Amino acid sequence: MIKFKIKEFRNILTTYIYVADVYKNYKNYEKSLDYLQKAIKYSNMIKDRRGVLNSYSHMVDLYIELKNYERALYYLKKSSSITKEIGDLELLGNELASFGIIFWKLKRVDDALKYLNKAVNIRHQNNDLYNLSYSVSYIADIYESIQNYDSAIYYLKEFKYIANKIKNRDYQEEAYIRIAKNYLLKNQIKISESYFKKAIDI
């Protein structure tokens with residue numbers, strides 16, 4: 001039994017979410033859900049919309065970890081309605097990306113691509129390059145998984161461009177390796193080798 005001194009925390013809502021996260025880390029999902037439900041109830045009681053939003057976001061993460069994607073979608077939709085009400089574009093981009101990732105896990109490829117591309121558009125608007133890199137990387141993964149290697153390469157080159165812009169050597173190396181892999185899958189050996197060489201030279 002994990003014991004917490006709730007009164008030591010200034011904010012009850014923050015405490016509920018903190019405790020929920022600790023239980024999730026210990027794989028005690030039942031307790032984690034219980035505290036997140038308390039956080040939602042408390043947030044609604046004090047009319048804290050961002051508190052409700054934060055609680056829903058943690059619910060989404062928990063159900064994704066449990067691979068209960070339908071339930072994750074349920075809370076993501078509830079979260080998204082509040083985000084639109086608040087008008088937080090950065091958070092909206094994150095939620096659109098989450099929709100895309102969940103739909104991909106549900107094998108709903110068209111929906112996954114639709115939402116991830118919406119996330120890409122928002123992140124372009126916000127000039128949010130780090131999160132933009134994640135979105136184009138996921139899109140490339142999806143195209144590779146359905147053997148559309150040309151589209152995968154297109155998005156991986158976008159990923160490489162962003163990696164260069166943010167000067168992230170790990171992402172640059174990853175981009176070159178993944179581009180090389182997709183050219184190899186297309187049986188374009190010489191082009192593939194050239195990208196593998198670029199990865200080595202990073």
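Reader: Is N127 buried or exposed?

Author: Relative accessible area decides this: buried means under 20%, exposed over 50%, and partly exposed in between, with a 1.4 Å probe and protein chains only. N127 has a relative accessible area of 54%, so this residue is exposed. N127 is placed in the loop between helix 6 and helix 7; helices (H or I, at least four residues) are DSSP runs numbered from the N terminus, as are strands (E, at least two). The model is a predicted one, in which local features need pLDDT of at least 70, side-chain atom pairs count only at pLDDT 80 or more, and totals for chains, interfaces and linings use all residues. Residues are numbered from 1 along each chain as its sequence is written, and side-chain values use heavy atoms, with hydrogens and water left out.

Reader: How far may the predicted coordinates be trusted, and what is the average pLDDT of the chain?

Author: pLDDT is the predictor's confidence in each residue, from 0 to 100. The chain averages 93, and 95% of the residues score at least 70. Over residues 1-10 pLDDT stays under 50, and for these the model has twelve contacts beyond four places in sequence. Contact here means heavy atoms within 4.5 Å.

Reader: Which residues have the most contacts inside the largest nonpolar core?

Author: In soluble globular proteins, nonpolar side chains tend to be buried together. A nonpolar core is a set of buried Ala, Val, Leu, Ile, Met, Phe, Trp, Tyr and Cys residues joined through side-chain atoms within 4.5 Å. The largest one has 62 residues, and M59, Y75, I102, V136 and I139 are those with the most contacts inside it. Helix 8 gives the most to this core, with eight residues. I162 lies in helix 8 (residues 149-166) and is buried, at 2% relative accessible area. Beyond four places in sequence, the contacts of I162 are L129, L132, S133 and V136. Y75, counted in the same way, touches Q37, I40, Y56, M59, V60 and Y63.

Reader: How many aromatic pairs does the structure hold?

Author: Rings of Phe, Tyr and Trp (its six-membered ring) pair if their centres lie within 6.5 Å; planes under 30 degrees apart count as stacked, over 60 as edge-to-face and the rest as tilted. The structure holds 16 such pairs. For Y74 and Y75 the ring centres are 5.0 Å apart and the planes stand at 85°, so the pair is edge-to-face. Y74 is partly exposed at 38% relative accessibility, whereas Y75 is buried at 5%. W104 and Y138 also form an edge-to-face pair, because their planes are at 80°, with centres 6.1 Å apart. W104 is in helix 5 (residues 89-105) and Y138 in helix 7 (residues 129-145), so this pair ties together parts that are 34 residues apart in sequence. Y16, Y23, Y35 and Y42 form one aromatic cluster.

Reader: Which charged end sits over the ring of Y74?

Author: A charge sits over a ring if NZ of Lys or CZ of Arg is within 6 Å of the ring centre and within 35 degrees of the ring normal. For Y74 the charged end is that of R71, 4.5 Å from the ring centre. The charged end of K198 is placed likewise over Y195, 4.6 Å from the centre of its ring.

Reader: Which side chain is joined to that of R178 by a polar contact?

Author: A polar contact is a pair of N or O atoms within 3.5 Å; within protein, one must be able to donate a hydrogen and the other to accept it, and residues adjacent in sequence count only if both atoms are side-chain atoms. The partner of R178 is D141, at 2.6 Å. R178 lies in helix 9 (residues 169-185) and counts as buried, at 12% relative accessibility.
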